[in-house]
Amino acid sequence: MSSEYQLLFVPDIGRWSVVSVEVVVGVVLLCVVFGFWLAPGGLAWALAKCRGRFAIPGPPGLPVTGLLHVFSGSEAHRVLAKLARRWDAVGLMAFSVGLTRFVVSSDPETAKGILSSSAFADRPVKESAYELLFHRAMGFAPYGEYWRNLRRISATHLFSPKRIAAFEGFRRDICLKMVDEIRGLMVENGEVEVKKVLHFGSLNNVMMTVFGRSYDFDEGGVGFELEKLVREGYELLGTFNWSDHFPLLGLLDLQGVRKRCRRLASKVNVFVGKIIEEHRAKRVGGLSVNGVEDFVDVLLDLEKEDKLTDSDMIAVLWEMIFRGTDTVAILLEWILARMVLHPEIQSKAQSEIDAMVGNSRPVSDSDIPNLPYVQSIVKESLRVHPPGPLLSWARLATDDVHIGDTLVPAGTTAMVNMWAITHDEKEGLSREIHGVGHSSPLVGSAAPKLQMGSFPS
Ligand code: HEM
């Protein structure tokens, strides 16, 4: 038997001992990597200190990056809903994105528990949100006195029915201007990019209520500059930033997110700071720029203990512009798109307006209670296309907390998949079940006798 042939059957002890060390180390490493990778919920969950106690089902995802790829697309809510069903984890599913631990719920009761729990009172602050000043604004300020104060001020002075009614005239002017613009563009071009008109209209709506002034968005003007700031902010907040999930990469700022955010934040400081100064200068004996107090006036009027510093005021005002612009514009766009796709619903809405308002005057706020069908269209659009269906509802566990029997460790980001909840097949909300004549539970609860054709997803 040749020595080579013999080697196939008889191990050479000397060589085997050398190979075995490498093989053993390799196998151990592989086991560790695969053990981490295959752990329910993936790497970040495998690294959780007392992981033996957690038994939240969930996909391991890719090695190291976990479900990062899911968030690079615009359909993360749909993918997570599918995964939750596949993993039998509709109530609560664990997953990782890099070193960040997540749970997501697609179940209304569990979601309610998360959103009402004081253990989830904080929101996770991404680097971009922090750099763009939002950690001092209501949406991202840590739970505590400052945050409660901001909520109280906003509830009383910005979102109260009285305040909303005070701005009706401005809203009507903006709407009439948008209608004129759409009509003009149709006559001129035979088509119109509604998205743009709605975006500018919605931005002006927020600017009126918050800053007491509206803008033209012609190139080179102040409105054009403002829109550029807002657009860049949305872009930065929407960028998937590796530093949020791989802390070491944070040192390098490879995508340049931090640099761009800081540049933008300093421009915002100048822009909003100037508006605050203008308000200060124009206020005579408490009178505001336009006679109606805007939100800047309200913040300037706050008494000692509630008083905000200028930099906090800038953060709060900037957040309102952000949160109030695309939410409204995108909802309006969906409503219009759905009406185009469902002319029968559009003509029913038109009949209701004709009957209740007539065509000699524009619709006003006081007509709304008499327009249940129009209201239902708005609610159904919110159901089928919930704005911010996933990320808007993110919370951060500040303590170890139980959700049912499951322990969620502090530091976990909890999300509610609002899209999955409003498309729950068990609740009769799936695409297949819908048809004209079906009244969805959300629509039904608001207008019990209404039979509206629900929009298919
Ligand atoms: C169609 C219109 C809108 C929709 C669908 C919408 C949706 C949302 C959602 C889903 C949240 C997160 C709720 C949560 O996590 O508990 C939120 C928070 C917030 N929104 Fe809106 N929003 C709209 C309009 C506006 C407007 C016009 C403003 C201001 C002018 C605004 C200001 C805020 C603020 C400040 C927060 C943070 C509240 C807090 O942390 O307590 N939103 N919004």
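A polar contact here is a pair of N or O atoms within 3.5 Å; within protein, one of them must be able to donate a hydrogen and the other to accept it, and residues adjacent in sequence count only if both atoms are side-chain atoms. With that in hand, look at Asp367, whose side chain makes a polar contact with the side chain of Arg361 at 2.9 Å.

Before going on, a word on where the numbers come from. This is a predicted model, so local features need pLDDT of at least 70 and side-chain atom pairs count only at pLDDT 80 or more, while totals for chains, interfaces and linings use all residues. Residues are numbered from 1 along each chain as its sequence is written, and side-chain values use heavy atoms, with hydrogens and water left out.

Now the overview. The chain has 20 helices and six strands; helices (H or I, at least four residues) and strands (E, at least two) are DSSP runs, numbered from the N terminus. Of its 457 residues, 44% count as buried, where buried means under 20% relative accessible area, exposed means over 50%, and partly exposed is in between (1.4 Å probe, protein chains only). The chain exposes about 24400 Å², and carbon and sulfur atoms supply 61% of that; these areas come from the Shrake-Rupley method with a 1.4 Å probe, and for residues only the protein chains shown count as cover. Take the contacts (heavy atoms within 4.5 Å) with a separation of 6 or more: residues 24 or more positions apart account for 63% of them.

Back to Asp367. This residue lies in the loop between helix H17 (343–356) and helix H18 (372–384), and it counts as buried because its relative accessible area is 6%. Leaving aside neighbours within four places in sequence, Asp367 is in contact with Val357, Arg361 and Pro362.

Next, find the ligand. Which residues come nearest to it? Of the 17 around it, they are Arg123, Arg151, Arg323, Ser392 and Arg395; to be near, a residue needs one of its heavy atoms within 4 Å. A polar side-chain atom of Arg123 sits 2.5 Å from a ligand oxygen, and an N or O atom in the side chain of Arg395 is 2.8 Å from an oxygen atom of the ligand. Ser392 uses its backbone instead, with an N or O atom 3.2 Å from a ligand oxygen. Helix H8 (145–157) and H16 each supply at least two residues of the shell, and H16 gives the most, with seven. By type, the shell divides into eight nonpolar, four polar and five charged residues. For that tally, Ala, Val, Leu, Ile, Met, Phe, Trp, Tyr, Cys and Pro count as nonpolar, Asp, Glu, Lys and Arg as charged, and the others, Gly among them, as polar.

Arg395 also leads us to Pro124 and Thr413. Pro124 is in the loop between helix H6 (108–116) and H7, and it is partly exposed because its relative accessibility is 21%. Not counting residues up to four places away in sequence, Pro124 touches Phe140, Ala394, Arg395, Leu396 and Thr413. Pro124 and Ala397 are 273 residues apart in sequence, yet their C-alpha atoms are 8.9 Å apart in space. Thr413, in strand S6 (residues 413–416), is buried at 5% relative accessible area. With the residues up to four places away in sequence again left out, its contacts include Thr100, Phe102, Pro124 and Arg395.

Finally, trace helix H14 (residues 257–282). Its 26 residues reach 37 Å from first C-alpha to last, close to the 38 Å expected at 1.5 Å a residue; the expected span is 1.5 Å times one less than the number of residues. Among its buried residues are Cys261, Leu264, Ala265, Val268, Phe271, Val272, Ile275 and Ile276. An α-helix has 3.6 residues a turn, so residues three or four places apart point the same way. The buried residues of H14 pack against several helices, including H11 (194–211), H12 (222–238) and H16 (310–341).
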